[in-house]
Amino acid sequence: MTVTTPVARRGAVRKAVRRLPLHAAAALAVVVCLLPVYWMVVTAFKPSQDIQSYDPRLIPETWTLDHFRHAVQAEGFALFWRNSILVTLSAVLLALLVALGAAYAVARMRWRGRRQFMLAVFLAQMAPWESLIIPVYIISRDTGMLDRLPTLTLVYFMITLPFTLVVLRGFIAGIPPELEEAAQVDGCTRVGAFRRVAFPLLAPGLMATSLFGFITAWNEFPYANFLIIKQQDSRTLPVWLASFQSTFGTDWGATMAAATLFALPALIIFAVLQRHVTSGLASGGVKG
């Protein structure tokens, strides 16, 4: 049986008191981050007459699903949902495929210009992608690629590739090369050793970069709005959200319901992969 002495109790109390500011700051950060999301979800369930009330309530007295019905039954919902899924998954898979090969080459091989290559990747990651809208638009127009989903796929691939490469490079560098060398001694080729030994260990890094790429491409609005102009059937869900605005105002209930439905896929994926995503980002960020 463990006996707690008065000195130990006083030390525990002082330690808890010193941690109070940290706990308070963490609680404040959680409230600041979650309050807008909570207000969005609650507004989606409020009756229309309560949304713009002069006496707003954090917890509605009356709940309704009418706004969700309006959003789901809105024109283009299923089509734009399919477009978003198709473009997002294609861009993420393409970025993973290209970044995996490039990250392995940077982490495992020694070649002239390797440092300059990584510097260029970091510069591309830091560049504000909104500043490239006009050049991308001109190139797409001149090559006849406007109003096409493959154009959006290539743009999202371009946006997500630098981060994916940087994280996977750090993660591959954290795997001891001796494991692959041992497999090669046993008769594996370099590709076979990577596939059988290193690749299974990359699961957390692949999940982390996949989630980042998915959220980035899923939420992207400016390129989807500027590159898809005439072919309305090729637009994505972020552009579809603007359909609840008209010259008569904004249907806030339907907009909030649509935004809630729009956020669900990323939220579900993050909840499922949270543990792997955290370890993947940590490993890719501090190793190599």
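**Ile-172 and its surroundings**

Guide: Ile-172 touches Leu-100, Ala-103, Tyr-104, Ala-107, Arg-108 and Leu-202, leaving out residues up to four places away in sequence. Bear in mind that this is a predicted model.

Now the core around this residue. The largest nonpolar core has 43 residues. Ile-172 is among the members that touch the most other members. Ala-71, Leu-100, Leu-168, Leu-202, Trp-240 and Phe-244 are listed with Ile-172. A second core is separate and has 16 residues. Leu-149, Leu-152, Ala-217 and Ile-228 are included there. As a general rule, nonpolar side chains in soluble globular proteins tend to be buried together.

Stay with helix α4 for a moment. Trp-81 sits in this helix. The cut-off for buried is under 20%, and exposed means over 50%. Beyond its neighbours within four places in sequence, Trp-81 contacts Trp-218, Leu-237, Leu-261 and Pro-265. Arg-235 is 154 residues from Trp-81 along the chain, yet their C-alpha atoms are separated by 9.2 Å.

Next, a helix pair. Helix α8 covers residues 177-185, and helix α9 covers residues 190-201. They pack at an angle of about 140°, with axes 9 Å apart. The two helices are therefore oblique to each other. Roughly antiparallel would need an angle over 145 degrees. The crossing of α8 and α9 is right-handed. On the α8 side, the residues that meet α9 are Leu-179, Glu-180, Ala-183 and Gln-184. On the α9 side, Arg-190, Ala-193, Phe-194, Val-197, Ala-198 and Leu-201 meet them.

Last, the whole protein. It has 13 helices and 2 strands. Of its 288 residues, buried ones make up 38%. Among contacts with a separation of 6 or more, 74% join residues 24 or more positions apart. The pair Trp-81 and Arg-235 is 154 residues apart along the chain. The accessible surface comes to about 17,500 Å², and carbon and sulfur atoms hold 67% of that area.

Conventions: Residues numbered from 1 in each chain as written. Predicted model: local features only at pLDDT ≥ 70, side-chain atom pairs only at ≥ 80, totals over all residues. Heavy atoms only, no water. Helix = DSSP H or I, 4+ residues; strand = E, 2+ residues; numbered from the N terminus. Buried < 20%, exposed > 50% of the residue type's maximum accessible area, 1.4 Å probe, protein only. Contact = heavy atoms within 4.5 Å. Areas by Shrake-Rupley, 256 points an atom, 1.4 Å probe, with all protein chains shown as cover. Core = buried A, V, L, I, M, F, W, Y, C linked by side-chain atoms within 4.5 Å. Axes fitted to C-alpha atoms, helices over the stretch in contact; angles between N-to-C directions. Parallel < 35°, antiparallel > 145°, perpendicular 65-115°, else oblique. Left-handed = near helix turned anticlockwise from the far one by under 90°.
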